[in-house]
Amino acid sequence: MTIPMAIVDYIPVFMFLAAAVILQRDLYRAMSKGAFALFSAGTITVFVAGFYKATWKLLYAAGVCDFTPLNKSFFPMQTTGFVLAALGMLALLCHKQGDENKLNSVAIIPALGVILTASAPAEYSGTMIFVMLMVLGVLVLDVGLIIISAKHKQTLAAVIYGISFIFVMGMGYLSSRDFTEASMNWIAEFTNVLGQGTFLLATWMLHKKVFAETK
């Protein structure tokens with residue numbers, strides 16, 4: 001691992017943050033308080049998880065220290081974040097947003113269960129549950145954004161969200177490969193950049209074509 005590689009790791013992290021902030025601002029009026037709380041908490045948790053891991057890589061590459069808690073917290077935090085964001089998206093799409101009581105009983109209780117699961121010590125938890133929950137969370141989030149894009153006749157944005165999902169799944173596949181070679185690390189870095197870059201691009205297109213015009 002090198003310092004330039006570690007610095008590049010921050011790029012997709014801040015791309016996701018930019019997209020998350022845009023989505024939070026654009027969807028705020030459409031979401032109930034409960035749905036927005038889930039969505040915003042989830043997206044910020046995903047950002048913090050990525051920021052922690054990128055910081056661990058930079059500290060390690062620079063020879064400062066090997067602060068492993070930053071690395072070990074990445075997987076459960078990111079999984080929790082995507083699931084919470086997905087629950088917020090599901091609440092937006094599937095529940096009447098004025099019905100706060102119904103939303104709280106249906107969405108927030110499962111969210112608390114996910115938090116407890118993700119917070120369990122590693123020796124008591126298998127990684128497969130995290131993998132399944134993360135894939136499901138990313139899928140629901142992207143499908144929800146595709147539905148919103150299609151509803152507003154933004155076909156290109158919907159397609160780009162789909163492409164983003166493919167890159168994110170590709171990144172998940174690459175993370176299970178042998179990273180002893182620098183080339184594999186760079187392939188993974190650029191796949192991650194493409195995944196979050198297309199996510200930000202689709203979000204920006206949706207903002208400019210739909211939400212910016214309605215404000």
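Q: Are glutamate 189 and lysine 57 buried or exposed?
A: Both glutamate 189 and lysine 57 are buried, where buried means under 20% relative accessible area, exposed over 50% and partly exposed in between, with a 1.4 Å probe and protein chains only. Before going further, please keep in mind that this is a predicted model, in which local features need pLDDT of at least 70, side-chain atom pairs count only at pLDDT 80 or more, and totals for chains, interfaces and linings use all residues. Residues are numbered from 1 along each chain as its sequence is written, and side-chain values use heavy atoms, with hydrogens and water left out.

Q: Okay, and what does glutamate 189 form with lysine 57?
A: Glutamate 189 forms a salt bridge with lysine 57, and the closest N and O atoms are 3.4 Å apart; the term stands for a side-chain nitrogen of Lys or Arg within 4 Å of a carboxyl oxygen of Asp or Glu. Glutamate 189 lies in helix α9 (residues 182-214) and lysine 57 in helix α3, so the pair ties together parts that are 132 residues apart in sequence. Helices here are DSSP runs of H or I with at least four residues, strands are runs of E with at least two, and both are numbered from the N terminus.

Q: How many salt bridges does the structure hold?
A: The structure holds 2 salt bridges. In the other pairing, lysine 57 forms a salt bridge with aspartate 9, with 3.4 Å between the closest N and O atoms. Aspartate 9 sits in the loop between α1 (3-8) and α2 while lysine 57 is in helix α3, so this pair ties together parts 48 residues apart in sequence. Through shared partners, the salt bridges join Asp9, Lys57 and Glu189 into one network.

Q: What else is glutamate 189 in contact with, away from its neighbours in sequence?
A: Leaving aside neighbours within four places in sequence, glutamate 189 is in contact with Met5, Val8, Asp9 and Lys57, contact meaning heavy atoms within 4.5 Å. The relative accessibility of glutamate 189 is 5%, so this residue counts as buried.

Q: Changing topic, how do α2 and α3 pack?
A: Helix α2 (residues 10-27) and helix α3 (residues 33-61) pack at about 165 degrees, and their axes are 9 Å apart. The axes are lines fitted to C-alpha atoms over the stretch in contact, and angles run from 0 to 180 degrees between N-to-C directions. The two helices are therefore roughly antiparallel to each other, a label for angles over 145 degrees.

Q: Which residues make that contact?
A: On the α2 side they include Tyr10, Phe14, Leu17 and Leu27, and on the α3 side Phe36, Ile44, Phe47 and Leu58 are among them. By class, the contact of α2 with α3 has 16 nonpolar, 5 polar and no charged residues. Nonpolar covers Ala, Val, Leu, Ile, Met, Phe, Trp, Tyr, Cys and Pro, charged covers Asp, Glu, Lys and Arg, and the others, Gly among them, count as polar.

Q: How many helices and strands are in the chain?
A: The chain has 9 helices and 0 strands, and of its 215 residues 44% count as buried.

Q: What about lysine 153, where is its place?
A: Lysine 153 is in the loop between α7 (127-151) and α8 (155-174), and it is exposed, with a relative accessible area of 73%. The phi of lysine 153 is near 60 degrees, a positive value in a residue other than glycine. Most residues other than glycine have a negative phi.

Technical notes
Parallel < 35°, antiparallel > 145°, perpendicular 65-115°, else oblique.
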